[in-house]
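Visitor: Please show me how to read a set of structural features, one at a time, with the cut-offs that lie behind each term.

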Amino acid sequence: MTEKKNEAEQSGAAVPCDAAPTDSAVAEGAAPCGSAVAGGAAPTDSAIPGDPTPDSGFTAPAEPAAEPAAAAESAPAEAGAEVGSTSHAEPILPQLEIGGSDLVPLTHVTELAYSGAPEGSGVVLHVNGEQQNTPSELLRLGVLLKPQVPMRQLVAVEPVAAMALLTAFEDAGVQADRIGIGWPHDIVLSEDNRLVATLSTKAGFNDGMFVSLAIDVQADVLAELLDEVGEAEATAAAADSVAVTATDTVANLAAADTAADTAIDDPNAIAAGRGATSVLVPTLAVAIQKRVVQAMRDWETQAKSSNAAAGPWAPFLPAYFDRVPLLGQAVNVCYPNGRVYARGIFVGIDIWGRATVRTRRAGDIEFPAQQFVIRPQSY
């Protein structure tokens, strides 16, 4: 797997998006992309894959404005740190609230932002399968972020958070080769692309820009991953951790915060199930909270350095590349609703996060992360 480079990237200029894909990019009658299409219905004529009409849902992305080239100077020492890793002292953050199962983390965190809450404020809650009419159980987390970067670079917040989430799961004992990133910012199982976690964001302004980040972790899939560690206690703790409810006290969160500090220093701490199992979910949530906030601060430092002038993904793109299992494989490019737009080989990602897919008829086509997702053709 090699990174996609072009003259604009080498010169440090922003990379304009290619023209919208033509209808030759897609095989006729492309099937829906997995279970995301309700009932497995085939696409309608108004949304024929590859037809960039107003009804198709595709809008050519605006060309990002170029930034002036930064003066040649050495970047700060922190700029060399990998996004998602800990390069500074651990941030001191507000305690997470525990919410009821009907609370919407993205909405709640946005309300916290408008009330003047500090960075790192957030909420954690559990939703079981019966409550959401599905067999899955979710650990839901919302975190308030305040990255000090130009607005045009906020498109990288979600992939930065995804890299930090991978690190938090590995802190918990998950094997690194078992999980990866489903472009642009889902956490998936490397072997079959099953979802482990999804991320969503909402930006706003209140005495400065802020981003509300929501993370949904599939508790049952995470339990399977921890089971592979070979720790019986960890398996039971991960499976039972969803018992946390809205009646949990702030004292539990304080205990979880202490346990999370230990977990970050000792990668086996969470997997070993130390402490009461009722504390494990908030413990993992606090570990995620710290990893995400620290990753944002590292990325902010890198984004302000001269080597990030080309695009917001530039500081972490090499590390991100290594965590995308579908690179080099046959994929479907899908609308968010699951409908297939194009098929081809996933060959690259540029410094604005656009995925390049090599199609049989139209050659290489770039797809913006804000409008598409990529799934394996067997999905």
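Predicted model: local features only at pLDDT ≥ 70, side-chain atom pairs only at ≥ 80, totals over all residues.

Visitor: Where does D207 lie, and what is its phi?

Guide: Most residues other than glycine have a negative phi, and most peptide bonds are trans. D207 has a positive phi of about 60° although it is not a glycine, and its place is in the loop between β6 and β7. Strands here are DSSP runs of E with at least two residues, helices are runs of H or I with at least four, and both are numbered from the N terminus. N193 also has a positive phi, near 65°, without being a glycine, and lies in the loop between β5 and β6. N193, however, counts as buried because its relative accessibility is 5%.

Visitor: Which residues does the cis peptide bond join?

Guide: The bond joins W183 and P184, with omega at about 5°, and P184 sits in the loop between β4 (179-182) and β5 (186-189).

Visitor: How many helices and strands are there in the protein chain, and what percentage of its residues count as buried?

Guide: The chain has 9 helices and 12 strands, and 52% of its 379 residues count as buried. Its accessible surface comes to about 16100 Å², of which 51% belongs to carbon and sulfur atoms, the areas being from the Shrake-Rupley method with a 1.4 Å probe and, for residues, only the protein chains shown counting as cover.

Visitor: How many residues of helix α2 are buried, and what covers them?

Guide: In α2 (residues 105-114), 7 of the 10 residues are buried, so the helix is largely enclosed by the rest of the structure. The buried ones are P105, L106, H108, V109, T110, L112 and A113, and their cover includes β1 (97-98), β2 (122-127), β3 (138-145), β6 (195-205) and β7 (209-218). Just after α2, G116 takes a positive phi of about 90°.

Visitor: What is the reach of α4, and what span is expected?

Guide: The expected span of a helix is 1.5 Å times one less than its number of residues. Helix α4 (residues 157-171) has 15 residues and reaches 21 Å from its first C-alpha to its last, close to the expected 21 Å. It is mostly covered, with 14 of its 15 residues buried.

Visitor: Which residues have the most contacts inside the largest nonpolar core?

Guide: In soluble globular proteins, nonpolar side chains tend to be buried together. A nonpolar core is a set of buried Ala, Val, Leu, Ile, Met, Phe, Trp, Tyr and Cys residues joined through side-chain atoms within 4.5 Å. The largest core has 75 residues, and those with the most contacts inside it are F169, W183, I187, Y320, F346 and I349. Apart from it lies another core of 6 residues, among them A113, A117, L144 and F210. With contact meaning heavy atoms within 4.5 Å, and with neighbours within four places in sequence left aside, the contacts of I187 include A162, L165, L166, F169 and L195.

Visitor: How many aromatic pairs does the structure hold?

Guide: Rings of Phe, Tyr and Trp (its six-membered ring) pair if their centres lie within 6.5 Å, and planes under 30 degrees apart count as stacked, over 60 as edge-to-face and the rest as tilted. The structure holds 9 aromatic pairs. In one of them, Y341 and F367 are edge-to-face, 6.1 Å centre to centre with 80° between the planes. This pair links distant parts of the chain, 26 residues apart, with Y341 in β9 (residues 340-349) and F367 in β11 (residues 363-367). Y341 counts as buried at 0% relative accessibility, and F367 is buried with a relative accessible area of 0%. Y335, Y341, F367 and F372 form one aromatic cluster.

Terms used
Residues numbered from 1 in each chain as written. Heavy atoms only, no water. Buried < 20%, exposed > 50% of the residue type's maximum accessible area, 1.4 Å probe, protein only.
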